[in-house]
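Subject: Structure handover

Hello,

Here is the structure I said I would pass on. Please open it alongside this message, and then read the notes below.

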Amino acid sequence: MDIKRAKKEIKDSIEAYLAKDEFGDYMIPQIRQRPILLMGPPGIGKTQVMEQVAKECKVALVAYTITHHTRQSAVGLPFIEKKVYSGKEYSVTEYTMSEIIASIYDKMEETGLKEGILFIDEINCVSETLAPTMLQFLQCKMFGNQKIPEGWIIVAAGNPPEYNKSVRDFDVVTLDRIKKIDVDVNYDVWKEYAYQADIHPAILAYLEIRRDYFYRMETTVDGRVFATARGWEDLSQLLKTYEKLGKKADREVVHQYIQHWKIAKDFANYLELYRKYKKDYGLEKIIEGVYTKDTLERLQYAAFDERLSVVNMLIGRLGTCFKDYFLKDRFVTILYEYLKLLRSNLVVCEARDKYEKLRKEEQMTKQEDHVRKQVLDTLESYEQLTKEEHLDGEAAFERVKELFGNEVAGREELTEHTLAALEHAFDFMEAAFGDSQEMVSFVTELNTNYYSIQFLRENDCDKYYQYNKKLLFDKQQEE
């Protein structure tokens with residue numbers, strides 16, 4: 001199955017494992033809560049999925065790569081304890097607490113969350129000395145003589161033998177005690193995530209043309225060469241930072257992330273073309289409704305790859321508008337919820353406590369953290385301003401309403417700007433391509449991008465509905 005379906009299966013399992021009956025007991029007792037084993041190629045996002053699941057299920061997460069551990073750190077160190085049996089004293093070997101189990105208790109103390117996920121990566125690559133311990137761990141949920149705390153669910157991940165020479169096969173006894181999920185590579189599923197993760201538009205445009213280069217794992221005379229989802233995402237972060245610093249990534253830089261020389265060279269060449277198209281076609285002007293007849297004529301005679309690149313560049317630029325709107329709307333919505341409590345004079349304290357609680361529990365994405373911090377800073381600035389202007393009671397409330405009105409007006413202005421950009425983009429698409437395959441691709445991408453979906457749910461765009469309706473009709477006809 002693809003990683004999206006695997007994520008749903010893990011979420012469903014965790015919700016089922018943590019469900020309680022009317023007596024407060026887990027409906028599925030811990031002994032019947034099978035550890036989940038994710039098996040799939042490296043670099044497809046198994047670890048990131050676990051971070052997302054933990055946040056969405058509102059539980060804690062402790063993650064370990066087991067290959068970094070020895071038997072002593074996993075099981076604990078031995079020490080001699082004196083015990084009395086039948087009136088006679090004996091020396092007995094005991095063990096200190098496992099570093100991994102200690103981390104679970106540390107996490108519970110740090111976050112205040114008593115339920116969580118213990119994620120063990122590369123579980124089938126353990127050393128010879130640690131292998132029996134890991135089998136005991138999967139079968140009995142124990143490290144040495146210490147059990148995983150109740151309410152904590154084990155999820156493990158590993159790579160199939162074709163991707164790693166040092167993997168070990170699990171025996172039937174172990175496999176019969178786990179819930180095994182096999183995960184495959186799927187570009188379309190990754191692309192949905194990529195829009196939300198703000199992957200560089202050049203990468204998305206390139207992979208739309210070269211889908212077979214999204215994930216490659218090959219053995220050559222020079223050794224293993226590969227391109228993975230993790231590599232593309234890390235390269236994306238570098239490209240965005242390089243652009244802000246005024247630097248350019250060439251094929252040598254790309255190859256440091258995409259360790260497949262042919263793909264690295266091909267993408268580096270495309271990156272140069274992407275920059276050229278962006279400049280030649282005047283992308284910023286297009287979303288303002290400004291383009292020349294020469295631009296349209298040039299596209300009519302351009303190769304399909306170039307035409308599709310322009311479409312994807314347009315989607316990428318609109319994606320920035322959609323994301324800006326999403327963040328502004330989220331900010332205004334959260335701010336409004338707190339301002340409804342303003343008359344209690346505790347609004348800043350509540351906002352700060354809520355922010356600190358979510359941060360402590362590690363329940364926020366980086367993006368959500370930034371939005372809530374902005375809300376807190378804004379509330380504090382309102383409080384400071386009313387003090388400086390010596391306002392209190394109803395006068396202070398009216399002043400804050402006025403300031404909040406400016407934020408609402410800013411959101412409306414951003415909404416109008418984004419709608420106008422979308423309308424101009426449709427005008428350009430109609431003039432350049434008409435009702436063609438490029439228009440189908442354009443509308444399809446709008447239906448894939450997380451931020452455009454959020455925007456179009458709240459705001460009407462006649463041309464989008466016109467072409468989307470036709471797209472749906474064409475799909476029905478095709479079926």
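Predicted model: local features only at pLDDT ≥ 70, side-chain atom pairs only at ≥ 80, totals over all residues.

A polar contact is a pair of N or O atoms within 3.5 Å; within protein, one must be able to donate a hydrogen and the other to accept it.

**The loop residue T448**

T448 sits in the loop that joins α18 (437-446) to α19 (450-458). A polar atom of the T448 side chain lies 2.9 Å from the backbone oxygen of T444. Is T448 buried or exposed? T448 has a relative accessible area of 17%. Buried means under 20%, so T448 counts as buried. Which residues does T448 touch, beyond those up to four places away in sequence? They are K191, E192, Y195 and I453.

**The strand residue L38**

Next, go to strand β1, residues 36-39, where you will find L38. L38 is buried, and its relative accessible area is 0%. Neighbours within four places in sequence aside, L38 has several contacts. They are A6, I10, K46, M50, A156, A157, G158, I181 and V183. L38 and G76 are 38 residues apart in sequence, and their C-alpha atoms are 26 Å apart in space.

**Two helix pairs**

Two packed helices are described by the angle between their axes and the distance between the axes. I give both for each pair.

Start with α14 (residues 304-339) and α17 (residues 393-433). Their axes come within 10 Å and cross at roughly 165°. Angles over 145 degrees count as roughly antiparallel, so that is how α14 runs relative to α17. The crossing of α14 past α17 is left-handed. Which classes of residue make up this contact? There are 23 nonpolar residues, five polar and six charged.

Now turn to α8 (residues 201-209) and α9 (residues 229-245). The axes of α8 and α9 come within 9 Å, crossing at roughly 140°. That angle makes α8 oblique to α9. From α8, the residues involved are I203, Y206 and L207. They meet W232, L235, S236 and L239 of α9. By class, the α8 and α9 contact has six nonpolar residues, one polar and no charged.

That is the handover. Send me any questions once you have looked through the model.

Best wishes

Definitions and conventions:
Residues numbered from 1 in each chain as written. Heavy atoms only, no water. Axes fitted to C-alpha atoms, helices over the stretch in contact; angles between N-to-C directions. Helix = DSSP H or I, 4+ residues; strand = E, 2+ residues; numbered from the N terminus. Parallel < 35°, antiparallel > 145°, perpendicular 65-115°, else oblique. Left-handed = near helix turned anticlockwise from the far one by under 90°. Nonpolar A, V, L, I, M, F, W, Y, C, P; charged D, E, K, R; others polar. Buried < 20%, exposed > 50% of the residue type's maximum accessible area, 1.4 Å probe, protein only. Contact = heavy atoms within 4.5 Å.
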